[in-house]
Amino acid sequence: MWLAVLSLTVLGTLLGLALGVAAKYFHVDGNSLVAEIEALMPGSNCGQCGFAGCPRAAAAIAEGSAPVTLCPPGGRALAQALAAKLGIRIDLDAVVDHGPQIANVAEDICIGCCRCSKVCPTDAILGAAKQIHNVIREACTGCGNCIDRCPTEALLLQTLPVTVQHWVWPKPATTPAAFAA
Amino acid sequence: MGILEKILGRHPHWGVHPDDHKRPAADAPLRSLPLPEVLRVPLQQHVGSPARPVVLVGERVLKGDLIAEPNGNISAPVHAPTSGRISAIGEITAPHPSGLPQLAITITADGADTWCERQPVADPLALAPEEISRRTAAAGVVGLGGATFPAAVKFNLGRRLRVGTLIVNGGECEPYLSADDRIMRDRATEVVDGLRIVMHAIGAREALVGIEDNKPQAITAMRAAAAAFGHVQVRVVPARYPMGSDKQLIQTLTGKEVPADARAAEVGVLVHNVSTCAAVHRALRHGEPLVERIVTLNGGALTRPGNVLAPIGTPVVDLLRFAGIRERPARLILGGPMMGIVLPHARVPIVKGASGVLAFDAAEARTPAAGPCIRCGSCTRACPMGLLPLEMASRIDADDLDGAAGLALSDCIGCGCCTYVCPSHIPLVQYFSYAKGELSTRERNRLREAATRRLAEERAARLQREAREKAVAAARRKAERAATKAAAGAGVPPLRERVVVTPTSETAT
């Protein structure tokens, strides 16, 4: 009997030690998935998804409480990337994607109240009190945060037109069997 | 292509040999187009950023006047192709497969075709190489073979990398086209003089002119023109598409292979087209900017195919009328049939890179329906870059663009050999154009996202800094107020008190 007790004790001790060592050496700080998802997000912390910034949204996506289609600025490309990361299937056609947009100030109705520039996540609105405000095109991400803040409706989102420089050939529409395995 | 050459291994193992359709257009003498009434000159006719207009609507210009200046390091100026009045600066349909609008300057010709004051150079070979680059850039000379890369930028690159060999591209491998053939036959001395100026500009020791063996008259004319110059050699290369592609021509003439991620200049050679050399000659010897070019008019829908000298900005419809329209063209192509652009309509103007306008009849324009890939491997044998078109296309079809990029999609030159030989008529090269565009869009978005992230971080840092400054200011005010109170309690004279109170009252407002 003592032999059995002893061997089981030794076995238990050794396995316990191994687990203890593994817990120390293979320790992971936080959930790395959250960081990976956050790296995919636009990072402008615009808040359109309803979460306070991209890190919170990433955490919610990682724990499954938010859909991968939540980010309007990220659009279809981001939803696709997130679905691939999490290994889930989504209906991409259901994702609303306006294409690249930027905000534009109608200069004749801007009263220079400074409300829009305070909420811009990328500091893309330039202006001072009682001066006409303007949007720096290169910095605007089209998040739309400023639109509702404007008391005179001088701000509008505009879809950027496709130009010759940015145009991409469409994917050829061949028969589905062209490359069937 | 003789059997002997095949046995000797001179026959390239890549590419295709389509029916060239170059005659009778190539043999018809060069004609000049009667001056069109209206010319629309696009602001972007080159690789790089679009030029910026320097004229106003209503202004009168002379032929050769600068109408748009270069904008950025890689850009080219645009000059008035004839004398007349600027009647509009606005968007027109671009000579581009998308058919999207593009900015252009419209000139209503006055019919006199008066040149502006030109500044010819009697002996360009005595000029400093930098001065040749400067004058070439000012004349708006770009690569006329179709790539339209600003020529002067390439000169500077060649000089910096100490290029020893200039390769002059007289390949013109695209079927139907004969603009380069014609310039070599009719203006061989100009081409040779131009290439000597280019050699001087880049500091090259020798020049190799590569001409395909299906242009015997051009070879004879160029040999005669180059006979006096020992360092200029005319070499006959086999007629094989895409011989006119720089990497293939370099390999055929020098045996050097340009690495995938390098430019030709890095292996010690630089390629310029024969028409570009002739344009450099005109820019230096005559002081004429690039305002006209030879355009091949060809295709089954035309009655008198041939080559015409046409001002840049001529509407395609004027060229078609000049060549006589036999039937309504089923397809209009700017450039060659293999790599050219299908035009949305005939009111599009010709640009500096337009080597030809093809009006195909219904039989020529027929596109067979695509069938399934039978994995015959014809495309891999035809690919001049040694890629696997069928594998890449199947990955792109399954939306695996990274997989296609892993098979060296970026090395694809878009020559269309794979599509040409495919027995199932799969539009392989369209898959690659799509994937290359999509990958570059992704890359642009990635850069943009990185910039957005940086901006957001900078804003966060700014808000933090402001909060900190506010807290510090508040603490200081509090301390001052406390000090004032303490001082008042101790019975310090009122004068001192007033001095301390001032900032407090200021911040309180």
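**Figure 1. Surroundings of A:Leu126 in a predicted model.** Apart from neighbours within four places in sequence, A:Leu126 is in contact with A:His133, A:Asn134 and A:Ile136. The model shown here and in the other views is predicted. A:Leu126 belongs to strand β2 of chain A, which covers residues 125–126, and it counts as partly exposed because 15 C-beta neighbours lie inside 10 Å. A:Leu33, which is 93 residues away from A:Leu126 in sequence, is 36 Å away in space, C-alpha to C-alpha.

Figure 2. The contact takes 25 residues from chain A and 29 residues from chain B. On the side of chain A that touches chain B, 15 residues are nonpolar, eight are polar and two are charged. A:Trp167, in the segment after β4 of chain A, touches B:Ser98 and B:Leu100 as well as A:Val162, when residues up to four places away in sequence are not counted. A:Trp167 has 16 C-beta neighbours inside 10 Å and therefore counts as partly exposed. Between the C-alpha atoms of A:Trp167 and A:His98, which are 69 residues apart along the chain, the separation is 16 Å.

**Figure 3. Packing of helix α5 against helix α8 in chain B.** The axes of α5(B), residues 188–202, and α8(B), residues 274–285, come within 7 Å and cross at roughly 80°, which means that α5(B) is roughly perpendicular to α8(B). From α5(B), the residues that make the contact are B:Glu190, B:Val191, B:Asp193, B:Gly194, B:Leu195, B:Ile197 and B:Val198, and from α8(B) they are B:Val274, B:Cys277, B:Ala278, B:Val280, B:His281, B:Leu284 and B:Arg285. By class, nine residues of this contact are nonpolar, two are polar and three are charged. Helix α5(B) is mostly covered, with 13 of its 15 residues buried. At 1.5 Å a residue, its 15 residues should span 21 Å, and this agrees with the 21 Å between its end C-alpha atoms. After α5(B) comes B:Gly203, which has a positive phi near 75°.

**Figure 4. Packing of helix α2 against helix α8 in chain B.** Helix α2(B), residues 129–138, packs with α8(B) at an angle of about 100°, and the two axes are 9 Å apart, so that α2(B) is roughly perpendicular to α8(B). In this view B:Ile132, B:Arg135 and B:Thr136 of α2(B) meet B:Val280, B:Ala283 and B:Leu284 of α8(B). Four residues of the contact are nonpolar, one is polar and one is charged.

**Figure 5. Buried face of helix α9 in chain B.** In α9(B), residues 316–323, the buried residues are B:Val316, B:Asp318, B:Leu319, B:Phe322 and B:Ala323. Seen down the helix axis, the buried residues of α9(B) fall within an arc of 160°, and so they line one face of the helix. An α-helix has 3.6 residues a turn, so residues three or four places apart point the same way. The cover over the buried residues of α9(B) includes β13 (292–298), β14 (306–311), β15 (331–334) and β17 (356–360) of chain B. B:Gly324 follows α9(B) and has a positive phi, near 80°.

Figure 6. Most residues other than glycine have a negative phi, and most peptide bonds are trans. B:His21, although not a glycine, has a positive phi of about 55°, and its place is in the loop between α1 and β1 of chain B. With 20 other C-beta atoms within 10 Å, B:His21 is buried.

Figure 7. B:Tyr241 and B:Pro242 are joined by a cis peptide bond, with omega about 0°. B:Pro242 is found in the loop between β11 (232–237) and α7 (246–254) of chain B. In chain A, A:Glu153 is in the loop between β3 (134–135) and β4 (155–159), and its phi is near 55°, a positive value in a residue other than glycine. A:Glu153 is exposed, with 10 other C-beta atoms within 10 Å.

How values were computed:
Residues numbered from 1 in each chain as written. Chains lettered and ligands numbered in written order. Predicted model: local features only at pLDDT ≥ 70, side-chain atom pairs only at ≥ 80, totals over all residues. Helix = DSSP H or I, 4+ residues; strand = E, 2+ residues; numbered from the N terminus. Buried ≥ 20, exposed ≤ 12 C-beta atoms within 10 Å, placed from the backbone. Contact = placed C-beta atoms within 7 Å. Axes fitted to C-alpha atoms, helices over the stretch in contact; angles between N-to-C directions. Parallel < 35°, antiparallel > 145°, perpendicular 65-115°, else oblique. Nonpolar A, V, L, I, M, F, W, Y, C, P; charged D, E, K, R; others polar. Arc of directions from axis to C-beta. Expected span 1.5 Å × (residues − 1).
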